[in-house]
Amino acid sequence: MDDFSESISAAFYLLITFDSDLMEIVGLSLYVSMAAICIASIIGLPTGAAIAILRFPGQRLFAILLNALMGLPPVVVGLVVYLGLSRSGPLGVFGLLYSPTAMIIAQVILVTPIIAALTRQVIEDLWLEYEDQLRSLGANPISALPTLIWDGRFSLITAVLAGFGRASAEVGAVMIVGGNIDHVTRVMTTAIALEVSKGDLALALGLGLILLCLSLGINGAVYAVKEAAIRRHA
Amino acid sequence: MNYSSPILPLKLEDVSFQAGGKRLIKELNCEFGPGPRSVIIGPNGAGKSLFLKICHGLIKPHTGSVRWNDPNDASARRYQAMVFQRPVMLRRSVSANIHYPLKLRKIPKAERIILVEEALNISGISRLRDHPARVLSFGEQQKLALARAWALKPQVLFLDEPTASLDPAATHTVEEIIHAIHKQGTKIIMTTHDLAQAKRIADEVLFMFRGRLLERAPANKFFEQPENDLAQSFVKGELLWQRMGKAHQKHKYSEMTK
């Protein structure tokens, strides 16, 4: 019980003083996860929508594969990216290992299937409602893709948020490819893991609380925007 | 847009369609030329909507052929439009909904703006132009659907029970818009199960029952004295399935008591 109250006061102290180390860690966490989410959305939204409405051989298989990839273990993704980016790996020449870029790459791989799989579900349902009308208006499945993504935007926000939750909370992948280097690749989750193993539970719990609040804040803000938009557009 | 190549007449030959082992459209033959407003009537489940969708190319028949005069499929598609019983509105403004199919047809923006403006005016919804389309009432949505079709300047407009869920006032406006579209030279092919509406709109009537086209006649002739006896009872307001069903039901009962 003592640990808990101590950690809370430690967290507040760090927050109120805008502790520069803490701000750096929080900032890098947001940067990595946001960048990963942007790239994963650019890939995942059209891919999921295409698998939902284009008819091609192996379409069902793709859908099943996507659903399975939602559960990719972060450490495995981290390991694969690690092997790819290490000096002797195929992408070793770029010297990206232990950099924020490497962390973004790992998170993109982790999150894209989540966004794509949830998008596929949303767009498949929407296509049932829209197909006759859109084809009547002169659209083919290809030109219908952007229309469906735009019209499904309120539901797709949830897919993107699910991806963000995954990216900001995972520790395995960023730990392996980032290495938790102070001032370079240290993010909230890796910092928490480190503080726990060092025995500094107070700081770890404090960081955890901040992570929770950030996640809550972002989800709350997106929810409010979404609700307002739905009220306007029905 | 010009009508350099007329897409009509539309010819259906031996068209059949089945789903779940049931034949829903049976060996249908007919031809639509430009001009008269054709209204397809018949009870629920007669296959009217299916028939329209097959004509419009949304559903492929299992046998038979649907042929437009214009052998170029793309231009035949370009010059037809359809208004559904419950039209789907895109999640954007009223005017953006009218812009959408014009953009798909690659009509230049300057021309698009004029067409959208005209369409908004003729359907009487210009005051709603910036409203999100999905929050409109049913009646307003149906007017928007007609405006959307009107802006395409189609040679053929299919309407599937366009007033089925509307009140009399909205029905009246929708019918006026349909007349205005017809006056422009657009061929109207429409389904309804509202006899009074068929009388108001139809130049010719096609009577469908259980997937077959049983009679086709000029409107005044049809409503005075239909040749087909099922059509006669339908015009008189009798319930067809009761008539048709007696023999059928007897059979069913005997099956059940076995």
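**Entry 1**

Helices (H or I, at least four residues) and strands (E, at least two) are DSSP runs, numbered from the N terminus.

Next I looked up what A:Ala106 touches: A:Val77, A:Gly78, A:Val81, A:Ala173, A:Val174 and A:Val177, leaving out residues up to four places away in sequence. Contact here means that two C-beta atoms, placed from the backbone, lie within 7 Å.

On bookkeeping, residues are numbered from 1 along each chain as its sequence is written, while chains are lettered from A and ligands numbered from 1 in the order in which they are written. As this is a predicted model, local features need pLDDT of at least 70 and side-chain atom pairs count only at pLDDT 80 or more, but totals for chains, interfaces and linings use all residues.

**Entry 1: a loop in chain A**

I found A:Pro57 in the loop between α2 (20–53) and α3 (59–69) of chain A. Is A:Pro57 buried or exposed? A:Pro57 counts as exposed, because it has 7 C-beta neighbours inside 10 Å. I also checked A:Pro57 against A:Pro100: they are 43 residues apart along the chain, and their C-alpha atoms are separated by 38 Å.

**Entry 2: where A meets B**

The contact uses 15 residues of chain A and 17 residues of chain B. On chain B's side, the elements that give two or more residues are α2 (73–78) and α3 (94–104) of chain B. α3(B) gives the most, with 3 residues. I sorted chain B's side by type and got 11 nonpolar, 1 polar and 5 charged. (Ala, Val, Leu, Ile, Met, Phe, Trp, Tyr, Cys and Pro count as nonpolar, Asp, Glu, Lys and Arg as charged, and the others, Gly among them, as polar.)

After α3(B) comes B:Lys106, with a positive phi near 60°.

**Entry 3: strands of chain B**

Chain B has an open sheet of 6 strands with mixed pairing, in the order β5-β6-β7-β3-β8-β9. Its edge strands, β5 (80–83) and β9 (212–218), each pair on one side only. (Two strands pair if DSSP finds at least two bridges between them.) Inside this sheet, β3 (residues 38–41) and β8 (residues 204–209) of chain B are parallel over 4 bridges, and B:Ile41 has B:Phe207 of β8(B) as its bridge partner.

I also looked at β1 (residues 10–19) and β2 (residues 22–32) of chain B, which run antiparallel and are joined by 7 bridges. B:Lys11 stands opposite B:Glu31 in β2(B). β1(B) and β2(B) form a hairpin with 2 residues between them, and B:Gly20 in the turn has a positive phi of about 55°.

Note on methods
Buried ≥ 20, exposed ≤ 12 C-beta atoms within 10 Å, placed from the backbone.
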